[in-house]
Amino acid sequence: MWHRNKYVVISLISVWFYATDTMADDRTMEEITANWKCEWCPYDDQPVQGEVEGGLGAVSNDSYKFGDYTGLDQKGAYAIGDAELYYRGKHRVDLEAEDLGLDSRRIDIDSNIAGRTELQLEYSQIPKLNSDSARSPYAGDAYQRLPQGWVGDTTTAGMTELGASLNDVDIYTKRRSFAVSAAFHQSARLSYDVAFQRDTKKGHKALGLAFGDNFATARSAIVVMPVDMTTDQAQVKINYKRKRWQGGLIYQFSKFDNEYDAYQWDNAFSQPDTTGQVAAEPDNLMQQISLLGSYRIVQSTVASAKVSAGQLSQDQSYLPYTVNSNLTPANDLPRTSLDGKVNTFDFDFSINSRLMDNLNVEFRYDQHEQDNNTDRAAYEYVRNDTTNSTFTAVNFPYSFRQRQIELRGRYLLLQKHAFSLGFEHDIFDRTYQEVDQTKENTANAQYSSNLLSNLNMALVVEHSDRSGSEYQTLTEISPPENPLLRKYNMADRKQDLASASVSYGPIKQLDLDFLVHYANDDYDNSQVGLKESEEMHYGLHAHLSLIAALRINLGVARTDIQSTQAGMQTAPAVWIAQNDEQVNVANAGFDYTVIKNKLNIGLDYVYAESSGEISVDSAVFPEITTERHTIKLQGDYRLSQRSTLNAYYTYEKYDESDWAVDGVAPNSMGSVLTLGEVSPSYTIGFFAMSYSYAF
Amino acid sequence: MLTITKDKSRISSIGMAIVVMVFVDILPLSNAVAEDGELFDKNTPYSKKGADTCLKCHDEDYKYPILEIFFTKHGNRNDPRTPMAQFQCESCHGPGGEHEKEPLVGKKRAPIVAFGKESSVSSDTQNKICLQCHTDDKRMVWHGSSHASQGMLCVDCHYIHKRHDPVLSKTKQADVCYNCHKKQQAEFERTSVHPVRYGKMQCTQCHNPHGSYTDSLLVANTKNATCYRCHAEKRGPFLWAHAPVSEDCGICHEFHGSNTKPLLKQRAPWLCQQCHGAGAHANRAYNPDAADGGSFNAPFVLAKSCLNCHFQVHGSNHPSGAKLTR
């Protein structure tokens with residue numbers, strides 16, 4: 001008996017030794033690090049650090065396009081202001097401020113209080129400038145009026161006071177964003193996050209506003225209307241993690257408020273003028289709660305899932321059918337507001353497993369639903385504040401459900417070749433649309449290799465095939481759609497994608513990257529509608545660093561985009577429109593440390609040009625082009641250990657031609673009063689000098 | 001002399017020992033991701049003085065500057081979650097007790113965990129070291145994500161020892177992404193773009209590079225939910241919804257950039273005519289004659305084209321807005 005059991009005992013003893021031996025150091029972290037003073041760790045003796053930069057810059061010419069997103073739209077001087085302030089002590093505070101003298105300014109504060117609570121504050125502005133060449137006879141706020149003595153006429157040619165009434169009007173919006181968030185780490189396992197963000201967007205936008213009860217008699221004016229919108233977003237999150245699993249619960253809230261419910265304007269095409277009214281974007285609300293988690297089933301297998309349920313709602317009071325009292329709808333509105341409700345449901349699940357050291361498989365299931373529970377009703381609407389319609393329209397509360405299953409395997413051969421194969425099945429259900437359900441199968445194969453230490457390559461090919469249930473023309477739409485037309489988001493489609501990339505470093509100082517990407521969407525079964533679209537992209541980039549102080553980058557890229565679509569004006573003849581677009585981008589630049597710790601200079605040059613041509617049957621529209629040269633030069637010279645002199649210069653030459661805008665004066669078209677905008681074209685220099693001081 | 005039975009007993013007990021040993025070995029390893037230090041060789045002791053040991057050699061003259069880590073969040077010793085508040089450098093690089101020893105003549109210094117493509121440490125282990133701490137909802141689906149499945153390392157994008165990690169910088173982040181995403185870089189040079197090239201928007205405002213359930217690693221559950229974070233006015237629901245708007249913003253819009261404002265896939269009227277061919281004007285073959293302002297067809301191609309009248313392309317809440325003109 002002893003002989004039999006001694007092996008068990010010996011085995012257990014050996015296991016005990018083995019186990020204890022693997023736990024070589026039983027001391028706690030506190031015991032091990034008790035004498036770790038970190039005496040040589042830097043920054044301890046300088047709790048406050050930072051750098052402030054101030055200076056002046058000047059822009060040589062006016063251009064909204066140059067000022068788009070940058071705030072440098074007006075000729076003249078601008079203040080340069082940037083700052084970085086850091087505190088390191090029991091607490092940590094980082095403050096970064098950028099472009100303080102511009103409309104594109106930003107301030108971020110990131111702090112950590114006693115290692116348990118993180119607080120963040122962010123403020124930013126983004127100017128979006130759309131036009132500085134618009135001219136309009138209208139003036140006002142949400143009610144745009146024509147000037148005294150306006151002479152209305154059925155065509156713009158008869159508006160005799162138009163020329164004298166035109167005033168410049170800028171079209172732009174400025175977005176301001178303020179965000180505050182806090183994260184509290186109760187323990188290593190449990191943390192809470194709270195975040196709030198308010199975005200406001202103010203400015204002006206141009207709307208095409210029409211009168212008339214059919215397309216032949218319609219008269220439209222492009223009118224600039226004010227924008228004043230606020231979106232509040234909040235999020236509360238709880239995260240909990242254990243050794244094998246982690247989970248989270250997230251509540252999200254987003255409320256959109258529009259200062260304007262409606263816009264009104266005078267009809268420039270009538271004498272005396274009449275008034276029209278359109279709806280502004282209605283206030284709306286989104287709420288969502290999500291539960292998510294991941295679980296490490298075994299060392300090499302992880303499952304994760306997220307389930308979200310939410311609702312989009314909108315219940316703004318309706319405007320009347322018309323503001324013209326002489327028009328009398330036969331019936332009252334069927335309800336006073338939409339009381340629109342869309343329930344959303346999202347479920348995602350994935351399980352990823354490393355079956356062997358070199359074989360990884362993944363299964364994924366995703367489901368996304370928008371279940372629109374808004375009631376339907378019949379609206380006997382007034383056409384364009386002009387005449388009572390003889391038609392009644394019923395709203396369509398569109399619902400969607402998308403379900404995707406994906407299986408993917410990845411095999412690594414000799415640590416150098418990775419093969420990946422994936423299959424995806426996608427089912428998309430829609431309501432109140434021409435196709436109730438589409439199904440799409442996708443196969444995808446990838447190969448990547450790092451055969452040599454200086455040579456990497458990747459190849460990807462993908463094919464998908466989509467088909468739908470019977471295409472049914474909607475009977476409730478008036479006039480009825482051409483039964484031969486296939487909307488391309490639900491039409492039968494064959495899609496092919498392929499891409500290849502190679503990274504090669506022939507010498508240590510040089511890296512070359514080449515990329516080619518091809519995509520083709522084929523809608524062979526669509527007699528009318530989009531029939532084919534294709535994109536081809538090539539790019540070659542080089543990074544060169546012959547000496548440590550000099551880094552050079554060069555790149556060229558070309559993209560060709562083509563599409564073919566068919567229309568039917570008079571059955572059975574089909575017209576074909578062909579769109580051909582080419583985009584070329586080239587860039588070159590360098591960073592050079594002329595004198596170490598003293599003088600640095602840098603240059604970035606970007607050339608971007610595009611040309612587009614549209615032909616309908618054999619007739620060709622004029623070419624649409626954009627061309628931009630941007631050169632940015634930057635230099636900094638260290639005057640002392642703490643102070644630096646900086647210089648910036650940006651040169652930009654931009655030219656755009658668009659036949660839809662250029663040469664179209666406010667009265668060029670008889671039935672549309674436009675803003676007479678012109679495409680931007682400019683040559684601008686921006687020079688700035690600044691002094692920065694570090695402490 | 002052992003009997004066969006005894007042999008069997010020995011074999012079974014050795015087998016049991018192996019099973020138990022394997023179990024003992026695997027169990028802590030399977031928990032290692034969340035346990036400090038367990039990713040590293042347990043037989044290697046920690047250094048005697050922690051970071052002070054490391055800084056004797058890895059000082060400001062070292063070829064890979066590292067001192068700036070003490071300025072970063074990782075270097076904040078007042079935050080108990082940071083590596084510098086735990087095993088300091090050895091929290092990530094593993095116990096350095098052997099590495100700190102002067103090697104014998106002709107011998108190499110004992111290695112320590114190094115990061116990067118050149119490292120002998122596997123990419124999985126390198127990433128696990130980061131994921132020991134960086135486990136939250138934003139990294140929950142790193143495993144299996146497109147970046148993970150391509151064998152990417154955390155340090156491919158992140159510079160841990162730099163005072164300012166470029167990928168966390170609002171103005172420099174895109175340049176890091178462009179190292180691989182060259183096509184997207186070219187798209188952002190087009191004339192109508194989201195303001196990434198101006199440094200006023202970051203890739204991570206829409207994408208989660210650490211993994212998400214969407215095809216393009218989007219931060220929200222769907223494409224539209226991602227867009228609505230900044231464009232909530234287009235969310236509705238509207239009385240007169242435009243079906244493709246509710247389905248997918250990408251049916252009409254490019255996400256990065258286009259030469260047709262505003263980020264459109266095609267200009268009107270042809271974009272609209274790809275789905276609308278009814279009535280007496282949506283079905284027309286507008287040819288260049290229409291571009292003459294005096295043409296009857298001019299309003300359908302010039303200025304805002306279809307949007308000269310049907311401006312409510314994202315939906316209307318006006319009771320008379322069925323045709324998206326109100």
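Analyst: Chain B is assigned two domains, domain 1 (29-163) and domain 2 (236-308), with bounds that come from an automatic or database domain assignment. The centres of domain 1 and domain 2 of chain B, taken over C-alpha atoms, are 55 Å apart. This is a predicted model, in which local features need pLDDT of at least 70 and side-chain atom pairs count only at pLDDT 80 or more, while totals for chains, interfaces and linings use all residues. Residues are numbered from 1 along each chain as its sequence is written, and chains are lettered from A and ligands numbered from 1 in the order in which they are written.

The contact between the chains involves 113 residues of chain B and 157 residues of chain A; two residues are in contact if their C-beta atoms, placed from the backbone, lie within 7 Å. On the side of chain B that touches chain A, at least two residues each are supplied by helices including H1 (4-30), H2 (51-54) and H8 (182-187) of chain B. Helices here are DSSP runs of H or I with at least four residues, numbered from the N terminus. H1(B) gives the largest share of that side, 13 residues.

By residue class, the side of chain B that touches chain A holds 49 nonpolar, 39 polar and 25 charged residues. Ala, Val, Leu, Ile, Met, Phe, Trp, Tyr, Cys and Pro count as nonpolar, Asp, Glu, Lys and Arg as charged, and the others, Gly among them, as polar.
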